[in-house]
Amino acid sequence: MAGLIAAVGRRLAAGPAQPGTFVVFRDAHGVVRAQKDAALHAAHRDALLVCADGRPLSWIGRWRGLTAMRQVPGIESVEALCRAGAAQGWRHYFLGGGEGVADLLATTMRARVPGLQVAGIETPPFRPLSAAETEAMRERIRASGAQIVWVGLGTPKQEMFMAAHAPHLPGTIAMGVGAAFDVATGRIPRAPKTLQVAGLEWAYRLAREPRRLWRRYLDTIPRFLLIAARDALTARKAPRPSETGASGQTGSSAA
């Protein structure tokens with residue numbers, strides 16, 4: 001998390017003329033989906049940072065030689081970055097969630113972080129935006145002076161959203177944090193710490209919402225294990241990456 005905060009700080013310090021960019025918090029489900037979803041794969045490639053939202057991904061990264069790599073949960077990043085940027089006056093825009101959730105998240109963060117600068121709040125409709133609505137939304141964000149745009153739309157919608165809109169929002173960093181909108185506001189509980197450490201947050205979510213999630217995990221877990229096994233076999237035939245990583249995404253994820 002310290003590496004994420006430092007990277008965001010460096011980007012914002014470069015000034016508002018910097019091209020807009022975004023951060024992906026990636027779990028096993030997203031990795032599996034990106035194997036066949038070219039647009040999602042491209043969003044991962046184009047992101048400023050790809051962080052290991054799931055603990056198993058951080059384990060695999062360290063096994064591959066990125067010894068500094070740790071889990072960086074999107075759920076925890078909201079408060080962490082709000083606190084880290086309070087003194088510098090970082091301006092936050094909360095976009096996503098159900099009706100009223102973005103407003104509740106802004107209120108929650110203001111209560112936890114005195115002096116927090118909230119530039120704007122928005123709940124986009126669940127339908128696709130028209131061209132006029134898209135430009136109006138972008139103009140609202142630009143006019144607000146926002147620097148960090150928190151996006152809670154779920155995977156892969158939020159990654160596609162950030163990839164499409166970031167180039168039109170100079171000086172901003174979008175953060176795709178999905179369910180963090182509901183967890184941070186207390187609408188949905190997070191898994192107990194013991195399950196988090198064991199890499200079993202997915203099991204807690206499955207136990208809470210079996211009807212909605214059982215098909216996803218029935219597909220995701222075996223496929224992810226196959227991807228990891230294939231990756232392990234490939235690693236035996238190639239030198240391990242350096243600690244700085246072969247690309248911006250790898251090095252930043254290690255942070």
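Tutor: Let us begin with a definition: axes are lines fitted to C-alpha atoms, for helices over the stretch in contact, and angles run from 0 to 180 degrees between N-to-C directions. Helices (H or I, at least four residues) and strands (E, at least two) are DSSP runs, numbered from the N terminus. This is a predicted model, in which local features need pLDDT of at least 70, side-chain atom pairs count only at pLDDT 80 or more, and totals for chains, interfaces and linings use all residues. Residues are numbered from 1 along each chain as its sequence is written, and side-chain values use heavy atoms, with hydrogens and water left out.

Student: At what angle do helix α7 and helix α8 pack?

Tutor: Angles under 35 degrees count as roughly parallel, over 145 as roughly antiparallel, 65 to 115 as roughly perpendicular and the rest as oblique. Helix α7 (residues 131-144) and helix α8 (residues 157-165) pack at about 75°, and their axes are 12 Å apart. The two helices are therefore roughly perpendicular to each other.

Student: Which residues of α7 and α8 meet?

Tutor: Contact means heavy atoms within 4.5 Å. On the α7 side T134, M137 and R138 take part, and they meet F161, A164 and H165 of α8. For the classes, Ala, Val, Leu, Ile, Met, Phe, Trp, Tyr, Cys and Pro count as nonpolar, Asp, Glu, Lys and Arg as charged, and the others, Gly among them, as polar. The contact of α7 with α8 has three nonpolar, two polar and one charged residues.

Student: How do α1 and α5 pack?

Tutor: Helix α1 (residues 2-13) and helix α5 (residues 74-84) have axes 10 Å apart and an angle of about 50°. That makes α1 oblique to α5. L4, I5 and V8 of α1 meet S77, A80, L81 and A84 of α5. This contact of α1 with α5 has six nonpolar, one polar and no charged residues.

Student: What is the order of the strands in the sheet?

Tutor: Strands of a sheet pair through backbone hydrogen bonds, either parallel or antiparallel. Two strands are taken to pair if DSSP finds at least two bridges between them. Here an open sheet of six strands has the order β2-β1-β6-β5-β3-β4, with parallel pairing. Its edge strands, β2 and β4, each pair on one side only. From one strand to the next, the twist averages 20°. Helix α3 (residues 38-46) packs on the sheet and touches β1 (21-26) and β2, its direction making about 115° with that of β1.

Student: How many bridges join β3 to β4?

Tutor: Five bridges join strand β3 (residues 91-96) to the parallel strand β4 (residues 117-122). Within this pairing, R91 stands opposite Q117, and Y93 has G120 as its bridge partner.

Student: Is β3 mostly covered or exposed, and how is that judged?

Tutor: Buried means under 20% relative accessible area, exposed over 50%, partly exposed in between (1.4 Å probe, protein chains only). Strand β3 is mostly covered, as five of its six residues are buried.

Student: Are T220 and G54 buried or exposed?

Tutor: T220, in helix α12 (residues 210-236), is buried, with a relative accessible area of 4%. Not counting residues up to four places away in sequence, T220 touches A28, H29 and V32. G54, in the loop between β2 (49-52) and α4 (55-63), counts as buried at 14% relative accessibility. Leaving aside neighbours within four places in sequence, G54 is in contact with R26, D27 and Q71.
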